[in-house]
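Visitor: I have just started learning to read protein structures. Could you walk me through this one and explain the words as we go?
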Amino acid sequence: MSLLSVQGLRVEFPTRRGVLTALDGVSFDLDRGEILGLVGESGAGKSMTGAAIMGLIEPPGHMAGGQITLEGQRIDQHPERYRGSHIGMVFQDPLTSLNPLQRIGDQLMETLKIHHGLDDATAKRRAMQALDEVGIEGKRRDHYPHEFSGGMRQRVVIALALASDPKVLVADEPTTALDVSIQAQILALLKQLCRDRGTGIVLITHDMGVIAQTTDRVAVMYLGRLVELGATDQVIHQATHPYTQGLMASTPTLAGSVDQDLFQIPGAMPRLDAVPAGCAFHPRCDRAMPQCKTHAPEFDGRRACFWSES
Amino acid sequence: MRLKVLAAALSVSCLIGAPLVQAETLRWARSGDSLTLDPHAQNEGPTHALAHQLYEPLLQRDMAGQIIPGLATSWRALDDNPNVWRFQLRAGVKFHGGEDFTADDVVFSVKRAKLETSDMKGLLNSVVDVRKVDDLTVDIETAGANPLLINNLTNLFMMDQGWTESNGSAVPQDFANGQTTYAAANANGTGAYQLVSRTPDERTVLKANPNYWGVGQFPLEVSEIIYTPIQSAATRVAALLSGEVDFVQDIPVQDLGRVDATSDLKVVTAAQNRVIFFGMNQGKADLDSDNVQGKNPFADVRVRQAMNMAINRDAIKQVVMRGQSDPTGVIMPPFVNGWTPALNEIPAGDMAKAKSLMADAGYGDGFQVTLNCPNDRYINDEAICQATVGMLGQIGIKVNLDAKPKAQHFPLIQNKTTEFYMLGWGVPTFDSHYIFNFLVHTSEGDRGPWNNTGYSNADVDQMIVSLESETDLAARDATIGKIWNQVQQDVVYLPVHNQVLNWSMKSDINFDVQPEDQPHFKFLSFN
Amino acid sequence: MSRWDSDFVYAFKRSPVACVSAGVVCLLVLAAVFAPWIAPLNPFDMAALNLMNGFTPPLAPNAFTGETFLLGTDDQGRDLFSAILYGLRVSLFVGFAAVALAMFLGVFLGLLAGYRGGWVDTLIMRMADVQVTFPSILIAMLIYGVAQGLIAPDNRGDLAIGILILSIGLSEWVQFARTVRGTTLVEKEKEYVQAARLMGLNPLAVMVRHILPNVTTPVLVIATITLALAIIAEATLSFLGVGAPPTEPSLGTLIRIGQDFLFSGEWWILLFPALTLLLLALSVNLLGDWLRDTLNPRLK
Amino acid sequence: MIYTLFQRVIQACFVLLLVALVAFSMFRFVGDPVQGMLGQEATSADREALRERLGLTDPIVLQYARFVLNAVQGEFGVSYRTGESVADMISQRLPATLELALISGTFALLLGIGLGVFTAIRREGFVAQSIMATSLVGVSLPTFLIGVLLIWVFAVELSWLPSFGRSGVVDLGGWSTSLLTVDGWRSLILPAITLGLYQMTLIMRLVRAEMLEVLRQDYIKFARARGISTRRIHFKHALKNTLIPVITVAGLQIGSIIAFSIITETVFQWPGVGLMFINAVYFVDIPVMSAYLLLVGVVFVSINLAVDLLYLVIDPRLKANASEGHS
């Protein structure tokens, strides 16, 4: 039994132009200690998937189908029971993720007390321990968020997210807002902490470099649908879906030598209210076949594409 | 101690037997407060109204406006010297502090009221000396015979010499320079009520004077008076309607109906000794505020006659005043010596004739002028002006109305900067001379200070001055009649009406309206 | 831009509050503009009034003259319906003019402060701080006092409206200035401004062209809310005796007159002007609220 | 921080001097006090003499210098109307106004914050929407009318509350309070509501807007992701962040409350400085008017200073900046 299992996830947004399907048929599993990358262009539904796992979809959006299980138990019906305690989350911008008016130690203790029912003294000790684990001196627990640099703040955020020993951590672009030099440190820290505790990570990013460096497996999303899923090496080097191939070819660090011209996928991802019939990617696909325009390919556990099946 | 208990028991049994003497509190409200407790520092209605409860003059006007004895029991001009008035003082009168009232106090008080800082000195211009004859007799000497001296003494309050001097108040409070004295905040009079506490503009509490000389002569049924100024008219009405006050002098005319219809309230009505009128500058060669170049339309008597006809006094009474006014054709209330029904006759409202008069005067197309009007002094002053603007508009006079608080309005008249204005005039001496001297006499020197019309008639001036020393009252009255005829003929002013007082009170109160708007609460009784 | 427009129109159509309040505001503004043609009488022409018509109840014949009036008459025999239409005109004129003045001042000072920076900025923004602490009614009393001293008494009647506009306008410019200054500070750093400078164009002129479209939305919202404030401030000042004269009454003056007749049973003299004012201010406020919610991208 | 404070105090003094100039010069020109003080029998010679005595014939600059010098010593002269010392008049009436301002301010703040939070977290709810709509009625009617209507309903028609004045006053050694008696509180209710309604609406709407803004912030999302209960997020995390901008506005509202008490005190005959001021305006009582304006200036400026200081205390970000010396 996998740690986290997402099956046939569907999220809908009722709008004045009709119901928009933000996620459709997203399925994947996550094992203990595993890091699963979620990639795709902006608007592909990566963050929405993360929010769905946390049960934090902003109304009027809602989960319209599928299920999410943690160690075999459904968590999507009462996400508040698992949120924070069983599943933690790290957001993109460490500068805005912390309450500016609360000392970081207090924020940590608050989380610890809520989830573990600790007394003040124990909570304090654990808070200092947690800070220590992310490489922050315990005595800085009395400092306010604005007294830390961006990287340090993200460490605090990670400490907060992991304070309750969650089984799964959803990290939504955890390094995007940071300097490149800090990014690697934070990723390494995340990776190490999760390996030590056996925490599974869903790492949401648009940065293929981060994926290559950090994840065990990777899921590629396009317009709210999963298009490819596989071991990181495999996806990067032997992509089967034309979209994934395009994505890889357009990433400088993965595309080979520097002087080679970067590939660019033609066109832009359509808006959610104008999803093409058939395979959503077909208008931009140079390998589109007639059936792509009429039928949507099923996800077979590895990819969703008529061309690569054939 | 035992004695006291016995006395208390006795008085309690007396109280039971005598229903007239019971503890009754009267909550009294009006729009403004008394300005000072120093009885000589301000010559002003609300100030005198409070002072009359605490202090007493030698003689006073009763609730009907008649002169009655106060601290003097009798008075007469000496047969051998008409310049001297002799006053017999009431015996056995004590001040609130227990001091005896004597001739020395009278001499002191009159002299005090003649000092530079006194606001009452203008009424005592003719007084040259005041002398003690014996402990209960005083002589007041005037420059020349003054047959009407006593009319000027009805608001001249008597203070205790010892108390006043020992409290550093021998000189009246210098009100203008903002001096504060002991006597301005405390009171020691002979009046029917004595001061308990006072916060200016907020609340003044009086209680009955147990040693008052008039016990038995006056009803004296009010044992405590709580006086509260309430500025906002609506709030004043609300306070009366909700039973928070018992007696209000100035309820707006439109609310009298509702007050009267309220089961435990009533309205008592009487004419007031105050006339409302318009003045216009007819003496200037050219007006600044009009649109006529090179001449003054008011200078033409036909224009003034036309205006006099255009003002529909009955409509003003009916609508603006809700019937609560007494339209008049002369700037003199009926209480005043010299008043006749013929003078009082209001001009016929003949619009056609008024228009033809305007045309004859060369203003067939009308003209434009500014009217200055107070908005917080007389009953519905601003509304009367507004109505007048409309009426004058009908004979082609386009009037711009400029209404403002009294403190800003009156300077315009006194500085002679207004050319068309509203004014009200009370006549505390009840004699025509008071009106002539202030409003008709050419404005020069001490005379005619409020005559802003530019009206100047040497004959009239000479007759006015002659009134002051005329001892033959019949001849004097004849001169008064002659002056009035000239004033009416020249249409010096445009009279509107005499104000009507409406005192609103709890229905169980028996109280007549005093024509000077002075409630003397010692006369008040309960049903 | 067109999408913004269509979104805006769509949102507008979907909000009954916005539709109704905009409708009411339009109706009232039209009524005010066309008052001379709609009103049965000219209430400002005192000569045309018949005092005997005073205190006529709505739709009931007057006891003396037999005339009937839709909303009754006031204490001067003035047809209330006409008086309200003309009063609306005065109130709206004061409101719009005051807002225009505040907007002009605010935009100008905001631009200046943001663009020049340094001591000019400090001075203007300090002035704004001080200004904000002094409520409009005190400013109005100040200006009224000064005007009383400086203006010849004969002209005061005509100038009452001017004083109202000046005092309300002068006390409401701060919000405009702050908004414009903020936008100016952002725009100043952009490349096109530098480019304009390099090309020898007047950078300020270039900025104004770029900044004004950027601040249209917030300025519109502030203007709407300020309009409601100005209309109420006018009424309050009329109560204190600093407002429009009773011969040419605004809604505020009508209410001040009407409240004298609250207890005496002539309810219509207060009720109709008060209702009109309430309707006007409420609609403008609701519209301002809705505009702020709809146009503010952060609130979407 | 000391530097900032110093800068602020200097600015405050400058502002006050300016206010003094305005207070002095404007009122110097309104009407003519001399006329009001003398009775109807006064002659023009009397008036000139009085003018001379009051120093109204001196050059304006001299009068201003004298005014400022006296004001600094707490000496505002004497009222033309009542003859009392203006300083005494103010100290006698200030408690009434301050208590009224305090109660209506507290009412506005508590109810404003409470309703603001409620309408923000129940943003779409019917009750919240109704509160928002009715609150606009409160700001769409002039204060004086609300006061008169309250008197009409609660004093005249229902006879529940007094219609005017300040009763049940207890003197606490120079400070008269009406907060110690039932009567005192009863007489406070209507004026306090009248005065506080506008501010309450304003604060409520501000709190709502700020709260909605705060609730959109990342740290609120992160707090939710950390599993903190909605209740705790609203009242612990969001509210405190909401209140920071509210402090400035609320502080400025105290100034408004004191200024608007002119109207409320007139309607309810509340014996405070506002009523004193309006009487002074009608009577052209220059010393009282100038002193009042200066008083309001001092109150406003000190409130501004206090708000600045409060900011430093509450917001740790500013404290850091100020201590580094660049604010």
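Guide: Gladly! Let us begin with a term: a crossing of two helices is right-handed if the near helix is turned clockwise from the far one by less than a right angle, and left-handed if anticlockwise. Keep in mind that this is a predicted model.

Visitor: Which hand does the crossing of α5(D) and α10(D) have?

Guide: The crossing of α5(D) and α10(D) is right-handed. Helix α5 covers residues 86–121 of chain D and helix α10 covers residues 230–268 of chain D; their axes are 10 Å apart, and they pack at an angle of about 145°.

Visitor: What makes the contact between α5(D) and α10(D)?

Guide: From α5(D) the contact includes Leu100(D), Ala101(D) and Gly105(D), and from α10(D) it includes Ala250(D), Ile254(D) and Ile257(D). The residues of this contact divide into 10 nonpolar, five polar and no charged.

Visitor: Why is helix α14 of chain B called largely enclosed by the rest of the structure?

Guide: A residue is buried if 20 or more other C-beta atoms lie within 10 Å of its own. Eight of the nine residues of α14 (432–440) in chain B are buried, so the helix is largely enclosed. Among the buried residues are His433(B), Tyr434(B), Phe436(B) and Leu439(B). The cover over the buried residues of α14(B) includes strand β16 (420–426) and helices α15 (458–467) and α16 (473–490) of chain B.

Visitor: How is chain B divided into domains?

Guide: The domain assignment gives domain 1 as 3–264 + 507–526 and domain 2 as 272–500. The C-alpha centres of these two domains of chain B lie 33 Å apart. Their contact takes 16 residues from domain 1 and 16 residues from domain 2.

Visitor: How do you know which strands stand at the edges of the six-stranded sheet in chain A?

Guide: The order of this open sheet is β6-β7-β8-β3-β9-β10 in chain A, and the pairing is mixed. Strands β6 (87–90) and β10 (225–231) of chain A have a single partner strand each, so one side of each is left without a neighbour in the sheet. From one strand to the next, the twist averages 15°.

Visitor: What makes β3 and β8 of chain A a pair?

Guide: Two strands pair if at least two bridges are found between them. Strands β3 (35–39) and β8 (200–204) of chain A are joined over four bridges, in the parallel sense, so they meet the cut-off of at least two. Gly37(A) stands opposite Leu203(A) in β8(A).

Visitor: How many bridges join β4 and β5 of chain A?

Guide: Two bridges join β4 (62–70) to β5(A), and these strands run antiparallel. The cut-off is at least two, so two bridges are enough for a pair. Thr69(A) stands opposite Arg74(A) in β5(A). Both strands belong to an open sheet with the order β2-β1-β4-β5 in chain A.

Visitor: What kinds of elements does chain C have?

Guide: Chain C has 12 helices and zero strands. Of its 300 residues, 51% count as buried.

Visitor: How do the chains meet, and which pair shares the most contacts?

Guide: Five pairs of chains are in contact, and chains B and D share the most contacts. In another contact, 24 residues of chain C meet 29 residues of chain B. The side of chain C that touches chain B has 12 nonpolar, eight polar and four charged residues. Chain A and chain B do not touch, and their nearest C-alpha atoms are 48 Å apart.

Key. Residues are numbered from 1 along each chain as its sequence is written. Chains are lettered from A and ligands numbered from 1 in the order in which they are written. This is a predicted model: local features need pLDDT of at least 70, side-chain atom pairs count only at pLDDT 80 or more; totals for chains, interfaces and linings use all residues. Two residues are in contact if their C-beta atoms, placed from the backbone, lie within 7 Å. Ala, Val, Leu, Ile, Met, Phe, Trp, Tyr, Cys and Pro count as nonpolar, Asp, Glu, Lys and Arg as charged, and the others, Gly among them, as polar. A residue is buried if 20 or more other C-beta atoms lie within 10 Å of its own, exposed if 12 or fewer, and partly exposed in between; C-beta atoms are placed from the backbone. Domain bounds come from an automatic or database domain assignment. Axes are lines fitted to C-alpha atoms, for helices over the stretch in contact, and angles run from 0 to 180 degrees between N-to-C directions.
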